[in-house]
Amino acid sequence: MNILYCGDKKIEDGLVISVLSLLKNASEPLNIFVMTMNLTNKTEHILPVSREIISYLDDRLKKKDEKNSVVRIDATELFCAAPPLANMETRFTPCCMLRLYADQIPELPDRILYLDNDVVCRKDFGGFYHQELADCQLAGVPDYYGKWFFRKNLFHMDYLNSGVLLLNLACIRETGLFARCRVLCSEKRMFMPDQTAINKLADHKKLCSRAYNEQRRLHKETVFQHFTTSFRFFPWLHTLTVKPWQIDQVHEKLKLHEYDDILQEYTAAVSLMKSRQHDCPDSFGK
């Protein structure tokens with residue numbers, strides 16, 4: 001099964017946890033691709049996911065099955081050739097939009113499952129991955145809140161959350177969906193630009209059960225749990241954001257111990273890698 005993650009060095013904690021959760025639950029070999037970049041913009045220097053993290057994950061996966069692999073892809077040139085100019089200085093970092101360049105990378109296969117780094121796998125997801133796509137560009141789950149506010153059709157909740165997307169890259173390439181999304185992100189400032197662009201421009205998308213992108217609370221049928229921001233009403237109306245790598249908050253605020261074995265392995269691995277890190281930052285070509 002082919003899996004795609006996108007982001008900079010800041011996704012490393014989530015990436016490790018998410019990949020370890022896939023390894024625990026997948027019943028088939030995993031080919032994992034990590035799109036990242038090395039970029040200096042007006043406000044920050046965006047560092048890529050480190051080679052050390054990729055090497056650790058690749059070694060860890062191969063211990064279970066030699067057919068598994070983790071590959072890092074440098075998307076810097078592609079991004080710089082067509083940057084999302086209108087959205088470069090929004091609260092959503094440029095790396096949020098890296099997935100929109102996936103169609104331009106020849107080594108990415110025609111079918112690939114995109115996951116945000118705050119998505120944790122809980123069960124075998126083979127049924128979701130191998131579902132029939134036919135002429136669909138992508139398959140996903142309606143956004144828990146956005147489906148009420150951003151839908152095109154009043155009677156059809158088809159606004160997808162982009163944290164878990166099964167991509168038919170062959171169809172996306174043929175129809176130019178991501179190319180049109182890149183143009184829109186370049187020309188129009190938007191809230192959640194990549195997700196908005198995909199939902200606005202996708203002509204053929206398939207809606208799936210929330211079990212494949214549970215954005216609020218864990219249920220017995222949950223396959224992928226997405227640690228998004230949610231609204232809570234007790235003891236007052238407020239938002240709650242807890243990420244998988246915030247282990248104490250996962251336990252205390254979410255009362256969640258479902259992934260403790262994965263989080264323990266993550267903690268041990270990150271501690272070991274941090275003890276070996278050099279002072280100089282990682283960069284492509286070195």
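**View 1. Helices H7 and H8 pack against each other at about 125°.** Helix H7 covers residues 177–187, and its axis sits 9 Å from that of H8. An angle like that makes H7 oblique to H8. The crossing of H7 past H8 is right-handed. Keep in mind while looking around that this is a predicted model.

**View 2. Here are the residues where H7 and H8 touch.** On the H7 side you'll find Leu 177, Phe 178, Arg 180, Cys 181, Leu 184 and Cys 185. Facing them from H8 are Pro 193, Asp 194, Ala 197, Ile 198, Lys 200 and Leu 201. Sorted by class, this contact has 9 nonpolar residues and 3 charged ones, with no polar residues.

**View 3. Ala 202 sits in the loop between helix H8 and strand E10.** Helix H8 spans 193–201, and strand E10 spans 205–207, with Ala 202 in the loop that links them. Is Ala 202 buried or exposed? Its relative accessibility is 5%, and because buried means under 20%, Ala 202 counts as buried. Now look for Arg 180, which is also one of the H7 residues that meet H8. Ala 202 and Arg 180 are 22 residues apart in sequence, and their C-alpha atoms are 9.5 Å apart in space.

**View 4. Seven strands line up in an open sheet with mixed pairing.** Reading across, the order is E5-E2-E1-E6-E9-E8-E10. Strand E5 (69–74) and E10 are the edge strands, each pairing on one side only. From one strand to the next, the twist averages 25°.

**View 5. Strands E1 and E6 run parallel within the sheet.** E1 takes in residues 2–6 and E6 residues 111–115, and 2 bridges join them. As a rule, strands of a sheet pair through backbone hydrogen bonds, either parallel or antiparallel.

**View 6. Helix H2 lies across strands E2 and E5.** H2 is made of residues 51–64, while E2 runs over 31–36.

View 7. The chain has 10 helices and 13 strands. How many residues does the chain have, and what share count as buried? There are 286 residues, and 54% of them count as buried. Among contacts with a separation of 6 or more, 73% link residues 24 or more positions apart.

Definitions and conventions. Residues numbered from 1 in each chain as written. Predicted model: local features only at pLDDT ≥ 70, side-chain atom pairs only at ≥ 80, totals over all residues. Heavy atoms only, no water. Helix = DSSP H or I, 4+ residues; strand = E, 2+ residues; numbered from the N terminus. Buried < 20%, exposed > 50% of the residue type's maximum accessible area, 1.4 Å probe, protein only. Axes fitted to C-alpha atoms, helices over the stretch in contact; angles between N-to-C directions. Parallel < 35°, antiparallel > 145°, perpendicular 65-115°, else oblique. Left-handed = near helix turned anticlockwise from the far one by under 90°. Contact = heavy atoms within 4.5 Å. Nonpolar A, V, L, I, M, F, W, Y, C, P; charged D, E, K, R; others polar. Pairing = 2+ DSSP bridges.
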